[in-house]
Amino acid sequence: MIPTESSESSGPLAGLTVLDLTHALAGPFASFLLAGLGARVIKIENPCAPDPCRQNPPYLGADGVSLGRKSEDDVSVSALNRLRGKYGVTLNLKKPRGREVFTDLVRHADIVVENFSAGTLDRLGIGYAFARSINPRVIYCSISGFGATKTTGSTGTGKAMDSIIQALSGLMMTSGAPGDPPVRVGVPMADLLAPAFGVIGILAALRQREISGAGQHVDVSMLGVLTSLVAAEPFDLLEACGLPQRTGLMVPRLTPFGIYESADGHVAICAPSEQFARGVFAAIGHPEFESDPRFATRDARVAHVDELNAHIEAFTRTVPSTDLVPLLEQHGVPAAKVRSPADAVRDPRVLARGETVPLEHPQFGRVAAVVGMGVPITFSDAPSSHLRPAPSVGQDNALVFGEWLGYGSAGVEQLRTGGII
């Protein structure tokens with residue numbers, strides 16, 4: 001019997017057991033969030049083909065970070081980051097005995113998370129219908145490119161990668177300037193936002209289970225998530241009203257609002273309200289713009305967006321960012337320096353809150369200044385969850401199968417010699 005509590009478990013979801021059938025990024029990020037909220041996550045990998053994220057460069061080893069693996073001890077930074085907080089087991093689900101072991105796990109699980117192509121686990125005989133027949137209380141979350149249920153419409157090749165979903169969702173045509181080629185957002189938005197919605201769905205299903213006593217299937221589409229967020233802004237309507245769909249560094253309908261060049265970089269300035277706009281006028285040495293009919297109201301500023309931005313940037317280009325931001329803040333204007341990812345993830349504020357965290361090699365410790373993702377939620381009355389280091393492939397086979405399921409050491413050895421784990 002899988003224990004209901006663990007000495008390492010804390011957080012709002014402590015006591016819940018998650019079976020993690022995920023791979024790559026979208027699925028592992030969902031289970032990472034659940035582990036960060038306190039759930040016990042058992043990551044199940046194919047012994048013949050472990051999670052491909054373990055082969056992602058760069059690698060961390062005794063000598064630091066390298067683009068290629070130099071030693072057997074080198075570990076992918078992706079794996080160190082995404083697999084934290086989880087117990088690692090191997091299980092060959094294509095073999096009958098492997099499915100029997102999975103059945104035992106499902107009996108004691110609260111949640112199953114998977115992100116295989118739609119229908120893959122049904123064909124293996126371990127899809128939602130199977131899981132529900134074993135455990136009616138189980139919540140089964142499927143994160144796929146286009147949804148677990150069949151729909152009509154063209155979806156390209158049917159293979160879902162983050163760039164494919166960005167392309168199909170319209171996201172690539174929301175950044176950049178008119179006439180630019182499509183812009184791929186560097187952060188893999190589909191791979192990260194779909195699992196976040198998956199976790200929202202799981203939490204809602206847990207609440208409903210408290211009332212009904214039954215679990216359910218939570219079905220999240222990467223395309224659906226990203227497209228729904230693109231629809232949060234009326235790009236097509238703005239274009240019909242004369243504003244280009246792609247506006248580069250600026251947001252014309254909120255002028256002055258965007259990214260402006262400084263003497264040594266770029267600064268974000270957001271001044272959509274009258275009060276903020278007056279602050280910008282004062283900061284750039286043109287307080288008279290407050291009564292200038294071209295700039296006195298939001299609608300007027302939008303109509304004269306290029307003219308106003310030219311005035312602003314004529315000033316900002318002469319001032320270093322370290323001086324420009326305090327000047328704008330002095331006049332009550334929201335502003336910030338545009339930072340590199342390396343600087344941003346090492347911000348003392350986010351490190352102190354655990355929103356980003358230092359990563360260590362499981363053997364050699366902190367051999368390089370590597371920073372990974374944290375769980376960016378702070379609770380007033382729940383302790384933060386201690387995340388175990390990322391497990392090696394099958395690291396916890398003896399614990400999970402031998403102790404928690406009660407197979408014993410002999411049973412684990414039989415699974416090993418039979419090629420089941």
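Which elements are among what covers the buried residues of α3? The cover includes β1 (17–21), β2 (40–45), α5 (128–134), α16 (397–404) and α17 (408–417), where covering rests on contact, meaning heavy atoms within 4.5 Å. This is a predicted model, in which local features need pLDDT of at least 70 and side-chain atom pairs count only at pLDDT 80 or more, while totals for chains, interfaces and linings use all residues. Residues are numbered from 1 along each chain as its sequence is written, and side-chain values use heavy atoms, with hydrogens and water left out.

Helices (H or I, at least four residues) and strands (E, at least two) are DSSP runs, numbered from the N terminus. Helix α3 spans residues 96–107, twelve residues in total, and reaches 17 Å from its first C-alpha to its last, close to the 16 Å expected at 1.5 Å a residue; the expected span is 1.5 Å times one less than the number of residues. Its buried residues are Gly 98, Val 101, Phe 102, Thr 103, Leu 105 and Val 106, buried being under 20% relative accessible area, exposed over 50%, and partly exposed in between (1.4 Å probe, protein chains only).

Strand β2, one of the elements covering α3, is itself largely enclosed by the rest of the structure, because six of its six residues are buried. Arg 40, Ile 42 and Ile 44 are buried on one side, and Val 41, Lys 43 and Glu 45 are buried on the other. Two strands pair if DSSP finds at least two bridges between them, and β2 runs parallel to both β1 and β6 (residues 86–90).

| Partner of β2 | Bridges | Facing residues |
|---|---|---|
| β1 | four | Leu 19 and Ile 42 |
| β6 | five | Thr 90 and Glu 45 |

Pro 57 is found in the loop between β2 and β3 (59–61), and it is partly exposed, with a relative accessible area of 43%. Although Pro 57 and Val 77 are 20 residues apart in sequence, their C-alpha atoms are 7.1 Å apart in space.

Thr 356 lies in strand β13 (residues 356–358) and is buried, with a relative accessible area of 13%. The side chain of Thr 356 reaches the backbone oxygen of Val 345 at 2.8 Å. Leaving aside its neighbours within four places in sequence, Thr 356 is in contact with Val 345, Val 350, Leu 351, Val 371, Gly 372 and Gly 374.

Note on methods: A polar contact is a pair of N or O atoms within 3.5 Å; within protein, one must be able to donate a hydrogen and the other to accept it, and residues adjacent in sequence count only if both atoms are side-chain atoms.
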